[in-house]
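Hi,

Here's the structure I promised to pass on.

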Amino acid sequence: YYFKIHGLGSFRSGNKKDENKDAEEFSGGGKSSHTAVMRNPGANPNRLVVTVTLYNNGFMVSGDEKGFRDAKEAENRKIIDDLKKTKQVPPALRAIIEQVVKGQQKEVGVEVKDKSSENYYPPKPTFKAFQGQGFSMKSESSTQPANTSVASATPKKVTVDSGKPTSRILLVLHPRKRAPQAFNLDHTAMDIYQHVLSLTPPDFGPFDLVSGFPPKSILKEPSKTIEELKLKGATITQRK
């Protein structure tokens, strides 16, 4: 297959060319922004943006099925060190990005977010105990948002328009089944919900979709777009 990573040049999988010739430096977004961008990766509407987030204890690549990659593993530590030292995407990281965008016939932009002053901690569901006998309540969302449009939604797989801006989102289906999917930025929370419905057994029952930390429902305003909800490159989890 063939694709182009913006800022790295065009290449075919298995190309033996010198990696440094294909790579271009990324420019920092300033000390306060903690962001580095490879030549404005999202400027081209035909470009798929992959976000690499660096932490003190590892890194994550949006759409990567493995999720967080711990720096305790020597290969992952080397990727972080090489990226910071050379300001180029190392071959090992390029291989991960290739897997993320596999099958996509679009140019790919790489955005690097530097949060290396922070440690990554996996999200944990939060609960608040009810001060009555024999009861407890979830703090964030019920298994089914109180929204009639969501309750009456039907399964429908998403259709991606290659002429519009897109983002790779990692869907985590119950129980912990990863399903990376590209969406247009103007797709709505309802579009995501209907797509997840199409991947869910009919007898599964009510569920919610949550994202962020602490996890919050994305279905409180189902007509809002991915861009409005700031879900670009996000991980969205199906919760019963």
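Below is what turned up, starting with the pocket and moving on to one strand.

A quick heads-up: this is a predicted model, where local features need pLDDT of at least 70 and side-chain atom pairs count only at pLDDT 80 or more, while totals for chains, interfaces and linings use all residues. Residues are numbered from 1 along each chain as its sequence is written, and side-chain values use heavy atoms, with hydrogens and water left out.

The largest pocket has a volume of about 1,800 Å³. (A pocket is an open set of points on a 1 Å grid over the protein atoms alone, where a 1.4 Å probe fits, with protein on both sides within 12 Å along at least five of seven lines; lining residues have an atom within 4 Å of a point.) Its lining has 47 residues, and Met 60, Tyr 120, Pro 123, Gly 212 and Thr 235 are the closest to the centre. Strand E15 (235-239) is one of the strands that supply at least two lining residues, and E15 gives the most, with four. (Strands are DSSP runs of at least two residues, numbered from the N terminus.)

Strand E11 (166-173) also supplies at least two lining residues. With E12 (residues 177-184), E11 runs antiparallel through eight bridges. The two form a hairpin with three residues between them, and Arg 176 in the turn has a positive phi of about 65°.

Cheers

Note on methods:
Grid points are joined across faces, edges and corners, and a volume is the space filled by probe spheres set on the points. Two strands pair if DSSP finds at least two bridges between them.
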